[in-house]
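I opened the notebook for a friendly look around this one. Here is what I looked up, entry by entry.

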Amino acid sequence: MDFITEAAVKAVKHLYQTDISPNAIALQETRKEFEGQVTIVTFPFTKFSRKTPEQTGTEIGEYLLGNLSEISAFNVIKGFLNISLRDAYWIDQLYDEILHQDFAVSKPNGKKVMVEYSSPNTNKPLHLGHVRNNLLGYSVAQILDAAGYEVIKANLVNDRGIHICKSMLAWQLFGNGETPESTGMKGDHLVGKYYVIFDKEYKKEIEFLKSEGQTEEEAKKNAPLIKQAQEMLQKWEAGDEEVINLWKTMNTWVYDGFGKTYNRLGVDFDKFYYESNTYLLGKDIVEEGLEKGVFFEKEDGSVWIDLTEDGLDEKLVRRSDGTSVYMTQDLGTAQLKYNDFHMDDSLYVVGNEQDYHFKVLFLILKKLGKSWAKGLYHLSYGMVDLPSGKMKSREGTVVDADDLIDEMEQTAKEQTEALGKVTDLTEEGLLELYHTIGMGALKYFLLKVDPKKRLLFDPNESVDFQGNTGPFIQYTHARIKSVLSRAGVDYAAKTGITEIAPVERDLILALTQFPTIISEAAKGYNPALIANYVYELAKTYNKFYHEKSILQAEDEMLKIFRLQLSSASAKVISRAMNLLGIDVPERM
RNA sequence: GGUCCCAUAGCUCAGCUGGAUAGAGCAACAGAUUUCUAAUCUGUAGGUCAUAGGUUCGAAUCCUAUUGGGAUCACCA
């Protein structure tokens, strides 16, 4: 559509002797109730045209009509100049752009970006919050890849610390040697079970100490279990063989479990970082900061940065005993990532509860003069809430990832069987189909909302399969495939068609927008834009499908054209869904 | 208390850097299948865009205040 913008700039120059920037021209899609496909808002031009918006629109419209052969007509309503493009223009768009193999394929832009996501703790299984994180991270990586970036998907596993020691300790004390093999439990769930047991027993101890007269705070500090856990952490840090072995064993269980869940979610990673390897990093950065005078040391030996001038607080970057805190590690890890990959941009897909942490982290790195700090970005997403409020692992009010996936597959199965359309697939094929549809519903449900916004999930209400949903879009794809497979003609070559119906034009128009949507989604790190787009596209296709017969078209040329249009739609739907990490079935 | 985020139909959400009469889906109601997959399509109904000011030719969108909700401000991660 750039040619219209350019021509409009010329029109303004010619008519009103004024130079304007192309950015000053607001091109928008014409609203459905009006004639035309593209609209220019002419209010801003009245300043120098010194005429009414209507007159200004008419003058520009006449200029464009006279100078652009693609334009067939225009109309002006108040300050809106609505432009109609010739059918030939849209037909060319289909043949020369959309059906071209390079359509919506960006050339490499020479930039490298890291997307860190997932980043689980190894003391409990994944829940719905992690699912949102994983799907977001994976989708953003796909979108950036489509936009021409070289993408590195990274996972920073939080595999050490007091919380893991809690699971380990509880297993030692109450586990009776249970293993995933002996119990048949998935490894991450088994470890999570002991995390919950720890918390339960710990609470009992606190209550007991309180009954003996201790305050809540004292009790929390003095409970034997927490002391044992802390001892265990010290032993771990000292490299105690027994503790390390237990840690390794239990982590192996967890990784095995996570691997299965990642697999079902369809996400993967190029690089794993482990906090057990990175938690000591950052100390040299602390030294560097002290030398540069960015940090200061207090009397007790703790090191801080004063961010009050930036509207923030003082922040600790090293404990008085010389050990690292979260911030220290993250400073070091950021440097490590950069040293490893020298990427231009680095995204952290982390919930918005950590907004403050990342604001501080990035600010510190900038103050330290790290040239790469400007490429850091916290992709902050909203929490997933239940109707009862926030999910809390310890209180058991979490929606478990594996359970959720099971339920989605089960629902997909019930829906498919109720419709009774797919009858000739093998058992294996059916299971794959249920997985595809169930995950399609779940992924679309989670990705269609703006990542920044919090998301409400009601476990008692199953995720829809109708309307603005993944299965709706998958269904549209399957339907197209079904028609294409019955085509009975070769539809590879261009037709000489010259006229098309409004629904067909609308569909082509929708298809042409795909590349723009990809770049906008990439710029905003926002899969929801893709989701909303592909939904609109599917709706437009369904309307076309309903109004026009493809295989029974009036003549052969029209039939071929509609097959081509359908094929193009299926391709774009499939690619767009792929950017969301969603598969589309051939039949359903 | 300081800082940050959010508020659009009964519910879940769109609404791009300000532009036309604020749009979808679900739920409700009424229709469409001798025709390519009805997980579809068409229609009806549903709104003081939290409230009050301001900027502008024009505000759901930008600014200020208020109300309501959430997050965060650990020598936890």
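I am working from a predicted model. I found an open sheet of three strands, in the order 14-13-15, with mixed pairing. Strand 14 (389-390) and strand 15 (455-456) each have a single partner strand and stand at the edges, so one side of each has no neighbour in the sheet. I then checked how strand 13 (residues 384-386) meets strand 14: they run antiparallel and are joined by two bridges. D385 has K390 of strand 14 as its bridge partner.

Entry two, domains. I noted that chain A is divided into domain 1 (2-85), domain 2 (86-159 + 370-588) and domain 3 (161-253). Taken over C-alpha atoms, the centres of domain 1 and domain 3 are 70 Å apart.

I picked out R31, with a side-chain N or O atom 2.6 Å from a phosphate oxygen of RNA strand B. The side chain of H546 has an N or O atom 3.4 Å from a base oxygen. For M588, a polar backbone atom is 2.8 Å from a base nitrogen of RNA strand B. Among the elements that give two or more residues to the surface near the RNA, I listed strand 4 (80-85), helix 18 (470-485), helix 21 (527-547) and strand 15.

Definitions and conventions:
Residues are numbered from 1 along each chain as its sequence is written. Chains are lettered from A and ligands numbered from 1 in the order in which they are written. This is a predicted model: local features need pLDDT of at least 70, side-chain atom pairs count only at pLDDT 80 or more; totals for chains, interfaces and linings use all residues. Side-chain values use heavy atoms; hydrogens and water are left out. Two strands pair if DSSP finds at least two bridges between them. Helices (H or I, at least four residues) and strands (E, at least two) are DSSP runs, numbered from the N terminus. Domain bounds come from an automatic or database domain assignment. A polar contact is a pair of N or O atoms within 3.5 Å; within protein, one must be able to donate a hydrogen and the other to accept it, and residues adjacent in sequence count only if both atoms are side-chain atoms.
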